Amino acid sequence: MASLSLRRATAALTLLGLALASPVPALADPTGPPPSAGDVAASRQAAESVADRVGRIEAQLAAAGARSDRLAAEVGRAVEDYNGARVRLAEARHQAAEAQRRAREAGTAVDSSRETLGRFAAAAYRAGGDVGGLSAFLAADGPRDLISRAAALQAVGTSRRHALDDLRSAQVHAGLLREQARRLVVAQERATRRVAQARAAAESRLTAHRQAVAEIAVQRESLVRELAAARNTTVRLERARQDDLERRRAKAARRAAEARALEAARAAEAQRQAEAARAAEVARAAEADAARRADEQRRADEQRRADEQRQAEERRRADEARQADEQRRADEQRREQERQSSGGGATSPPTPAPAPAPSTPPAGSSSGTASGAERAIDYARAQLGKPYRWGADGPDSFDCSGLTMRAWQQGGVGLPHYSVAQYEGTTKVPLTEIRPGDLVFFASDPGNHRTIYHVALYVGDGQMIEAPYTGQDVRVSSIWRGSLFGATRP
């Protein structure tokens with residue numbers, strides 16, 4: 001019933017369009033009555049109705065295109081979730097295998113400790129159960145033999161205690177490692193289930209996307225035909241017109257992405273300059289502080305040297321005064337002795353003057369390379385035309401992260417088969433500074449890298465090599481899309 005009403009409305013609009021498209025014959029007859037106000041109003045209302053209908057159809061076409069893009073992004077995200085689950089599963093398997101190996105080694109250590117302790121038990125049994133070693137004391141031949149036997153029994157007892165401690169420690173360690181291995185095996189099983197769930201989700205998304213694409217194609221064709229009827233044009237002309245509109249929308253999206261990239265680059269540059277200014281200010285302050293401390297140290301050293309020179313001069317003068325005083329006393333004593341000698345009295349030999357005391361001595365005063373990027377691009381170019389297949393990493397088909405992984409593998413860099421992990425494990429670069437060989441990423445949320453659903457290899461001039469989505473082959477495309485998230489350098 002709805003389709004019948006639509007056909008009737010389309011036919012009516014077609015007739016109206018034909019009538020509106022050929023008004024000259026109706027006005028060519030001068031003998032006919034002039035159009036009334038009602039005729040003019042009806043004609044204007046019909047034209048407005050057609051224009052309104054055309055606007056709604058074009059809005060529906062635009063919405064259909066946007067829905068197709070959104071569904072493609074959802075499929076890409078589901079595929080990359082599957083790739084991420086596989087990467088985590090591989091890691092879980094490695095950890096579980098390593099934990100099991102350590103647990104086996106710990107079990108071997110327990111067996112070795114048990115064997116050592118068993119040898120002590122066997123030796124005690126052969127000795128008649130004399131664990132305490134009392135017979136050794138009873139059978140000792142003299143004090144010296146008794147001391148020797150006691151030392152030997154003490155050594156045996158110490159070794160036995162050590163063996164028992166080693167066994168207990170080995171058992172505890174082995175128990176901990178067995179529990180760790182058990183937990184990691186459980187984690188591996190969970191990771192296996194998550195891979196299966198992610199695979200099922202990707203397949204479901206892919207099936208829904210295929211159905212939606214087919215429905216959108218039918219809807220688009222129907223809307224184009226309806227639009228042609230409303231405009232009184234041909235379907236071919238309207239189809240070409242819609243293709244042109246889509247190209248214009250893509251161009252507008254590219255310009256918007258370029259503008260966002262430029263704005264982000266300007267913001268990053270402003271932040272870099274602000275950080276550089278802060279760093280320069282801190283450096284200047286540190287330099288001024290160092291100069292101040294150096295000046296204070298210089299003045300302190302000069303003051304210290306001046307004090308030392310003054311003290312040395314004072315000591316020199318004191319020494320000279322002491323020597324002069326001693327020389328004066330010696331001269332007086334010599335003159336006194338000479339007077340006594342000239343008086344005829346017996347004289348004693350003169351007392352030698354003491355040697356002058358010695359004076360105090362004065363105080364003394366280069367990840368990936370450019371050649372690796374070339375090899376990565378050469379590899380990616382060699383894959384052009386090969387089909388997209390989700391989860392594939394060559395050699396006959398690829399998905400997006402599988403292609404970039406294999407390309408950079410040829411360039412000497414190992415990347416995981418997961419776009420989010422590739423973004424996290426590589427160096428971020430501004431979109432204004434990207435160069436051939438860099439990775440470009442696309443996300444559904446521009447503020448959250450966890451929503452990355454697509455990655456490609458940049459080749460220069462705003463172009464990239466990508467494995468796009470199911471039904472398309474590896475190709476060269478423009479990087480400028482509305483979902484462009486960022487770029488990194490392996």
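Arg293 is partly exposed, at a relative accessible area of 45%; here buried means under 20% relative accessible area, exposed over 50%, and partly exposed in between (1.4 Å probe, protein chains only). This is a predicted model, where local features need pLDDT of at least 70, side-chain atom pairs count only at pLDDT 80 or more, and totals for chains, interfaces and linings use all residues. Residues are numbered from 1 along each chain as its sequence is written, and side-chain values use heavy atoms, with hydrogens and water left out.

**Salt bridges overall**
- A salt bridge is a side-chain nitrogen of Lys or Arg within 4 Å of a carboxyl oxygen of Asp or Glu, and the count by this rule is 32.

**Around Asp289 in helix α6**
- Asp289 and Arg293 form a salt bridge at 1.8 Å, N to O.
- Arg292 and Asp289 are three residues apart, about one turn, in helix α6 (residues 235-342); helices are DSSP runs (H or I, at least four residues), numbered from the N terminus.
- Asp289 is partly exposed at 28%, and Arg292 is partly exposed at 42%.

**Around Arg101 in helix α3**
- Arg101 and Glu105 are joined by a salt bridge of 2.6 Å, N to O.
- Both residues, Arg101 and Glu105, belong to helix α3 (residues 37-126) and lie four residues apart, about one turn of the helix.
- Arg101 counts as partly exposed at 30% relative accessibility, as does Glu105 at 46%.
- A network of salt bridges links Glu98, Arg101, Arg102 and Glu105.

Notes:
Helix = DSSP H or I, 4+ residues; strand = E, 2+ residues; numbered from the N terminus.
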